[in-house]
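Work through the exercises below with the sequence and the 3D view open. Each task is followed by a solution in steps.

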Amino acid sequence: MGNPLLVLWHWIFVPRPGEDEAVDEQGPWRIVPGSEIPRPGTVAPPTASATSGAVFLVLRRMRVPLILLLLVFSISVLGLTLIPGAQPDGGTEPMGFFEAFYFMTYTATTIGFGEIPYEFTTAQRMWVTFSIYIAVIGWAYAIGSLLAMLQDRSFRREIVAQRFARQVRRMPEPFLVVIGYGEAGARVAHALDRRGRRLVVLDRSQERIDALELAQLRADVPALAANPRVPGTLVAAGLTHPRCEGVLALTDDDEANLAVVQAAHLLRPGVPVIARAETPATAARMAAFGQPTVVDPFDAFGDRLRLILRTPALAQLFDWLVSPPGAPVPPRPDPPGQGRWVVVGHSRTVAEVSADLRVAGAEVVELDPAREAGPEDGAFVDLVAGAVGVVAASDRDTQNLSYVEAAQRAEPDVFVVARQESPGNAPLFAALHPDLLLVPAEVVAREVLERLANPALWDLLQAAKGQGDPWAADALAWLVARCGPGSPTVWQVRLDARSAPALVHRLAVEPVRLGALMASPFGRQDPLPLTALMLVRGEDRVLVPDEETPLAVGDELLMAGGPGAQRGWDATLGEDDALAYVLSGSSVAISWWGRRLLRTRT
Amino acid sequence: MNLEKVIFGFFVVLAATLNFGFVIGDIADPELHHPYELFAAIVVNLIATVLKFGDRTQLGAVHLATSLVASLQLIAAGIVWALVQGGGITAGEMSSVVSLAAGALLANVVSVVLLIAETISFQRR
């Protein structure tokens, strides 16, 4: 790339070396010795800049208009320097080159300062008339060509893609790449944005990308409408970027998700990937590429249904912990007792849900709407009569609405679970008041968020499943008592010299109980609105550890706290004087702030 | 025969020859350097530059670079001349105009050399 214009263009639009150096070093071909299979990550990633062709096309197309303009100008100027002009002293002298150029510049561009330096002769005027006509045509042609080119679709798309790649390249913070901004993708993106995570979004459809721009997220989210199956697009979206901390493949197309999983594993091995898969076959194929986290909406929903049936309080606690900070406690689901369930839907969904219901100890009757009784059929009504629950999970909203309505009519007290496919139908489902609504996109989003919110929180949720329902109810009550009615912020802290220096110093001298740290460093008489959710020591996990637990260096704590709690907690763990004040109310200081002011920094 | 190549070669060579024609002669003598020749050199050089737009090859890029250098130097020469034209041109002023144009000549020579190199390497294949 030696062309100066090209260099300039590249300097502005194309990724800096540093980031894709591997390409330049290895060249387009890489020789693999013998029959060795290239390991993931050893292959040079495709560059995002393989498409700067449109720029060259524009330059090429501008050749003719520019040359025409040059010719028009030079002919006019040349003519003016040849035709004699009248001078005030009576002499006849033609214009100089510069004057002629000056005159043509303002005349051809329609500025028109008039005839200078002296009034023109008839011969000069004839030439100027001719010049003006050809100049106007030349300009009109040049500007017209340029505008036509700027409106060229491929050219504009090119510019948008390059701007996107530049934005991604300059991402200042770690970011997640969200592929697919459909219903699930949008939910995940919005929730993550509210939690302050940075995102890059890819989707096939321009409409969805436009919707994202209108959604007014907090952070600046680079978004591009492009095919995610093309590895170059993924690289442009930051797959190989050092700050890329994860890839979420959430399109509604299993093949596309699989392609993303494959590309992510081969181009950036080890990057965390969460992928949506609607069939076990896809999930199995994905697993071969770096063991991504696979989210199957029906499997996830079955698990959730089971959780609600067996341990409603635990389900309530989960919902609350993964909701955005400050959200109120959701109502506790009220599942029916043991009895018969009627599950309506197509084989795949029904199989998952029924399996989970059976695990939960229910008797299940499956019904395929394509072959068996419709909602208005007497057989369906007979089945529902005496049942404790109905799951309407076919893939058509109208059908599900009919089944829900028929079930509620046949057995008013029955526990109804409805599947809603299209977001536009939400008011219809809401009007029927099903006891539980299954929105596949929402299920996917919830599962993804649970996993992304905090790795330790995910561990906690898994560990909590082993506890009973009464435990969950107690834990919830305890959390509300300590942290307030809004859902807490959850964070993780490791008791080491880096994140808790003051506490580490203190632990070397004397043992410290967990409960002793709960007082506020801003006023010792008040406790901070926080509690420990989990203590991880080596392989041991203690859920909601007792406040008398002595702490040790190397412990990992998962904390939950109300507004402002994290700031106080960090001060206690990080500042020696704050810790001393919290532990002993040390008499030297009137207040923590007073000591801070009086202290000389060492 | 490729018509585009003929036009391209024509302008590249014409730019160099016009430039050479202007530069040749005593550097300080205004009698030996005609303004029309400089004008023609500027115009042809600009056309040659535009003709080199949009070439993705390495050679094309160097071509464009040399042409840009030549055009800039010739335009600089034209500006100097326009500035000093007022009351007759002195030997010193004339020599700065011509030396700028001589610099452009060097760039044009490089252009022609590139053109020849391109042609020869094409025939070898």
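Contact means heavy atoms within 4.5 Å. The model is predicted: local features need pLDDT of at least 70, side-chain atom pairs count only at pLDDT 80 or more, and totals for chains, interfaces and linings use all residues. Residues are numbered from 1 along each chain as its sequence is written, chains are lettered from A in the order in which they are written, and side-chain values use heavy atoms, with hydrogens and water left out.

**Exercise 1.** Find Phe298(A) and decide whether Phe298(A) is buried or exposed.

Solution. Step one: go to helix 13 of chain A, residues 297-310, where Phe298(A) lies; helices (H or I, at least four residues) are DSSP runs, numbered from the N terminus. Step two: apply the cut-offs, with buried under 20% relative accessible area, exposed over 50% and partly exposed in between (1.4 Å probe, protein chains only). Phe298(A) has a relative accessible area of 7%, so Phe298(A) is buried. Step three: list the contacts, leaving aside neighbours within four places in sequence; they are Glu278(A), Thr349(A), Glu352(A), Arg419(A) and Pro440(A). Step four: compare sequence with space for Ala351(A), which is 53 residues from Phe298(A) in sequence and 9.3 Å away, C-alpha to C-alpha.

**Exercise 2.** Describe the interface of chain A and chain B: how many residues does each chain bring to the contact?

Solution. Step one: chain A brings 22 residues and chain B brings 20 residues. Step two: the two chains bury about 2,000 Å² between them, 71% of it on carbon and sulfur atoms; buried area is the accessible area (1.4 Å probe) that two parts lose on being put together, summed over both. Step three: look for salt bridges (a side-chain nitrogen of Lys or Arg within 4 Å of a carboxyl oxygen of Asp or Glu). The rule finds two across the interface. Arg60(A) forms a salt bridge with Glu4(B), the closest N and O atoms being 3.7 Å apart. Step four: on the side of chain A that touches chain B, helix 1 (4-13), helix 3 (53-61), helix 4 (63-82) and helix 5 (97-108) of chain A each supply at least two residues. Helix 4 of chain A gives the most, with ten residues.
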